[in-house]
Amino acid sequence: MSSLASLRQAKRNDWCLINSLRILASVTALVGVLITVFVLKEALPALQSIGMLRFFGDDAWYPLEGQFNLVPILLGTVLTALGGVAIATPLGLLSALFCQFYAPNILASSYQRLLELLAGIPSVVYGFWGLVVLVPKINQLHPPGQSLLAGILILSLMILPTVALLSTASLGDVPKAYLQGADALSLSRWTTLTRLVIPTARSGLITAIILATGRALGETMAVLMVCGNVVQIPNSVFDPVRSLAANIALEMAYATTDHRSVLFISGLVLLALVGLLVMMASVLGSEEREKTRGI
Amino acid sequence: MASKIFSQSSSKTWPDFLLLGATWTTAISITVIFLWVVLSIVGQGLGQLSLEFLLTEPMNAGRDGGIAPMLISTLLILVVCLAVALPLGLGTALLLAEFSVSDKRFGQWVRRSLDFLAGVPSIVFGLFGSVFFSKILGLGFSLLSGGLTLACMVLPLLIRATEEGLRSQPASYRQGAAALGLSKTTTLFKVLLPAALPGLMVGLVLSVGRALAETAALIFTSGYVDRFPASLLDSGRALSIHIFDLSMNVPGGDHNAAASALVLLALLLILNGLAAFISLRWSTKIK
Amino acid sequence: MLSYHTNTDPDSVEVSPLIDVQQLRLRYGSHMAFEQVSLPIYAGQITAIVGPSGCGKSSFLSCLNRMSDLVPDCHVDGQIHLAGTDILHPNTDTLLLRRRVGMIFQRPNPFPLSIWENLALPLREHGNIKRNRLAETIETVLRDVGLWSEVKDRLRQSALTLSGGQQQRLCIARALVLQPEILLLDEPCSALDPIASGIVEDLIVRLRPRYTQVVITHNLAQASRIADQVGMFWVQNSVGRLIEFGTAQQIFASPNHELTAAYISGGKG
């Protein structure tokens, strides 16, 4: 029977299909595991021979002489990232409010396109622009130019689209009935937005900020190019600093033994910081889903 | 999209005006800054840009000459990246989108791994690539190693786009196929994938853009060597690395860096336009 | 205890049914969609399933070709025998079953392929069929559903360019190419305009002697025009039940259940 033969053939095809898909998906899933395992494995020697305490207790960061004080680098990373987030958050939120509530429709969608284009500019191009345009301007204000401030400004520009686009989406999820209700009570825009819209979209907005923070912490090229990369605790925003990611990019080329291993530890720290943020965002996301299900 | 339902007559207090002013000021400033970034790069780079720039080798550490080897290296890295990422991404997306019932538990694990992967900073991908592909697999500084590293990096983006493309296909196609006793294989390859193809193309184009823009993951994997690569096992300098190297390590390299940045931006803009074009054609076809 | 009033017509009782449903129940997670459904489906006849929305009619139909398998968290208990084979048995081959039991949906769902390819795809899948045989079969089924003269010059065009009624007839043709024994039709006319609806209804009647058909319909007038047997579903305590089953003549002339009587006279539902 050709019909039964075709049926058997179909079954065989399906069996092959599902199992090859399973293999492909396993390889994909394995990539995440491999990254963790290998970064951990390369970081382990330094963790054992140097120990966590010396990253905070050593005299300074002189990796070639066995001095591994990571504090200034950690501080540089956190300061640039938080500074960038501090600027990008209000601007991103205002951009989102602009798109959802203030701009005429055509302007709103073209502004959104612009934000998408801004998000698409490669970090190396941002870094280049910062280096040749922004840094000389800061240098005029207060030398040397390559500084914490330059890093903060470039990072804020880079993560602004993330904050703005995600916030626009979560403001758009606020039920239209709320707005109509507020309008019926003739509440002022200020009251409607600050008391009703923003609290309703709160967890979405926080998620946007968290994801942007993760991006800022992990950013390498732009920070590497504009921050000056001096390992020091900055006294002002005009002092150069070095971030964890920039440190890896700068020293990986010639690092050996313990030094190399310490660089993998910085990679691990970055991974942990970003992982923590992603977890926070996903917990927030699932809480939000629970809440809406409750309604 | 926007919901401008505020009635004009509603009473306005000073915070209202403040907010109105702040949103417009923000939007205008961001637009100005965007134009500043793009125009200053165009201004610096356009003078250098010519057909010759695209077709010649760099000279004098890149201060003079063109970017032909970088374009070739970039292309080869992208080819390697897609050759690996496409089958993995398509297979994973098919499993996640179409077998979510039969492989629920497994799918959840894969998804968790992908969420993690999406959050990994690119410099960490670089670290991983330099250990795993360059050292353990013995590929050294090579286009192959760089392309494989980028493949790991674009997987989450590619899979999300592909999965969305598949999930946006109406359930009635799957029901119709199931009711005819068609096998899963036929349903997927003859009905769903052809229908979802434009969506998959958009995901592909966006992934290429992401790979094209990447720098940090390539520094210790594909390397800096600025001549034409002899094979995939040869080191080669991607366009983004070229921009980085010229602006950071080569005094007087700014103009060629700007021109290279302009080429990179133009390529990304073309890819973006392509994605927009495909999705527009697709949405009008559906209507 | 019987959950429906059995039909007392001696002629029909003698015939053994093609499909025998016994004590069927279905739940989605913890929600019971319907329970205690037992009914016979006779070969070559049109069995209409009527009742208000949400009484489990469509869920019932989806058990007959195991489409219920596709719904996550859907659990079916009871027995359905199709000419002796147990449809609900886990080892029953659903691909083979669905080739024997075709299904038509409420909304026409042609594949986004050409008209030709919509019909050729299941044929090729069914067995290695020669090219001229393929053309022959496609023409035959298109004539069967009265679509041949309308589409014979545009077989390579997308099926999505057809009108709603034409799409629905194409879907019926697509089910017919596999020469199924049974056709399940889930409100096949409800998404169509009155004229297209009439054409599809005529088609169902023309297919009567050759195929056993189970039709869900909201339209009681339609049920009375086309059906040989009628099953009446109703929601009792938020669970669907079959409250009456019998010949169309008996159900429409002298219903036994007061809810059926009320529903038919338009008093309820």
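This is a predicted model: local features need pLDDT of at least 70, side-chain atom pairs count only at pLDDT 80 or more; totals for chains, interfaces and linings use all residues.

Trainee: Why is B:Thr74 called buried?

Mentor: Its relative accessible area is 10%. Buried means under 20%. The value falls under that cut-off, so B:Thr74 is buried.

Trainee: Where does B:Thr74 sit in chain B?

Mentor: In helix H3, residues 68-98.

Trainee: Which residues is B:Thr74 in contact with, leaving aside neighbours within four places in sequence?

Mentor: B:Leu212, B:Ala238 and B:Leu239. Each has heavy atoms within 4.5 Å of B:Thr74.

Trainee: Now the domains. What are the bounds in chain B?

Mentor: Domain 1 covers 14-48, and domain 2 covers 53-286. Their centres, taken over C-alpha atoms, are separated by 30 Å.

Trainee: What makes domain 1 and domain 2 of chain B count as being in contact?

Mentor: Contact needs heavy atoms within 4.5 Å. Six residues of domain 1 of chain B meet that against nine residues of domain 2 of chain B. The two domains bury about 650 Å² between them, 71% of it on carbon and sulfur atoms.

Trainee: Which residues of domain 1 of chain B lose the most area to domain 2 of chain B?

Mentor: B:Ile41, B:Gln44 and B:Gln48, together 73% of what that side buries.

Trainee: How many salt bridges cross the interface of these two domains?

Mentor: The rule finds zero. A salt bridge pairs a side-chain nitrogen of Lys or Arg with a carboxyl oxygen of Asp or Glu. The side of domain 1 of chain B that touches domain 2 has three nonpolar, three polar and no charged residues.

Trainee: On to the chains. How much area do chain B and chain C bury between them?

Mentor: About 1,600 Å², with 72% on carbon and sulfur atoms. B:Tyr173, B:Ala179 and B:Leu180 supply 34% of the area that chain B buries against chain C, more than any other three residues.

Trainee: What polar links are counted between chain B and chain C?

Mentor: Four residue pairs are in polar contact, with zero salt bridges. Helix H7 (171-179) and helix H8 (184-213) of chain B each supply at least two residues of the side that touches chain C. H7(B) gives the largest share, seven residues.

Definitions and conventions:
Residues are numbered from 1 along each chain as its sequence is written. Chains are lettered from A and ligands numbered from 1 in the order in which they are written. Side-chain values use heavy atoms; hydrogens and water are left out. Helices (H or I, at least four residues) and strands (E, at least two) are DSSP runs, numbered from the N terminus. Buried means under 20% relative accessible area, exposed over 50%, partly exposed in between (1.4 Å probe, protein chains only). Domain bounds come from an automatic or database domain assignment. Buried area is the accessible area (1.4 Å probe) that two parts lose on being put together, summed over both. A salt bridge is a side-chain nitrogen of Lys or Arg within 4 Å of a carboxyl oxygen of Asp or Glu. Ala, Val, Leu, Ile, Met, Phe, Trp, Tyr, Cys and Pro count as nonpolar, Asp, Glu, Lys and Arg as charged, and the others, Gly among them, as polar. A polar contact is a pair of N or O atoms within 3.5 Å; within protein, one must be able to donate a hydrogen and the other to accept it, and residues adjacent in sequence count only if both atoms are side-chain atoms.
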